[in-house]
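Hi,

Here is the structure I promised to send over. Have a look at it first, and then read on for what turned up.

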Amino acid sequence: MPPWKAALTDQQLAAVLTFVRRSWGHEASPVRPQLVAQAREATATRTDPWSDADLEDLIQDLGPPRER
């Protein structure tokens with residue numbers, strides 16, 4: 001899969017993630033662009049491929065979505 005780092009803005013990536021999150025009848029809340037920005041900042045220097053465990057750790061590190 002190609003990297004989306006430079007191709008999509010935080011708003012665009014949040015929209016894609018919200019679409020995927022709500023697929024198949026799920027009614028989850030939208031992914032906020034601020035969460036995308038927070039994740040990008042937390043992973044800005046990463047160059048290694050992601051494992052499932054790495055992604056689980058990232059979710060825990062970011063914590064619950066915050067209202068802004």
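Which residues in α1 are buried? They are Leu13, Ala14 and Thr18. Seen down the helix axis, the buried residues of α1 fall within an arc of 140°, so they line one face of the helix. That set packs against α2, which covers residues 33-42. Please keep in mind throughout that this is a predicted model.

Now for the overall picture. The protein has three helices and zero strands, and along the sequence the pattern reads α-α-α. Of its 68 residues, 15% count as buried. The protein exposes about 5,700 Å², with carbon and sulfur atoms supplying 58% of that area. Among contacts with a separation of 6 or more, 37% come from residues 24 or more positions apart.

Back to α1 itself. This helix runs over residues 10-22, which makes 13 residues. From its first C-alpha to its last it reaches 18 Å, close to the 18 Å expected at 1.5 Å a residue. Just after α1, Trp24 takes a positive phi of about 60°.

Leaving aside neighbours within four places in sequence, Thr18 is in contact with Pro30 and Val31.

Val16 also lies in α1, but this residue is partly exposed, with a relative accessible area of 41%. Together with Phe19, Val20 and Trp24, Val16 makes a nonpolar surface patch of about 520 Å².

The last stop is helix α3, which spans residues 52-62 and includes Leu62. Is Leu62 buried or exposed? Leu62 is buried, at a relative accessible area of 17%. Not counting residues up to four places away in sequence, Leu62 touches Leu35, Gln38, Ala39 and Ala42. Take Leu35 from that list: Leu62 and Leu35 are 27 residues apart in sequence, while their C-alpha atoms are 8.1 Å apart in space.

Happy to go through any of this with you on screen.

Best wishes

Terms used. Residues are numbered from 1 along each chain as its sequence is written. This is a predicted model: local features need pLDDT of at least 70, side-chain atom pairs count only at pLDDT 80 or more; totals for chains, interfaces and linings use all residues. Side-chain values use heavy atoms; hydrogens and water are left out. Helices (H or I, at least four residues) and strands (E, at least two) are DSSP runs, numbered from the N terminus. The expected span of a helix is 1.5 Å times one less than its number of residues. Buried means under 20% relative accessible area, exposed over 50%, partly exposed in between (1.4 Å probe, protein chains only). The arc is that of the directions from the helix axis to the C-beta atoms. Contact means heavy atoms within 4.5 Å. Patches are made of residues with over 30% relative accessible area and no salt bridge: like charges are joined within 9 Å, nonpolar side chains (Val, Leu, Ile, Met, Phe, Trp, Tyr) within 5 Å. Accessible areas come from the Shrake-Rupley method with a 1.4 Å probe; for residues, only the protein chains shown count as cover. A salt bridge is a side-chain nitrogen of Lys or Arg within 4 Å of a carboxyl oxygen of Asp or Glu.
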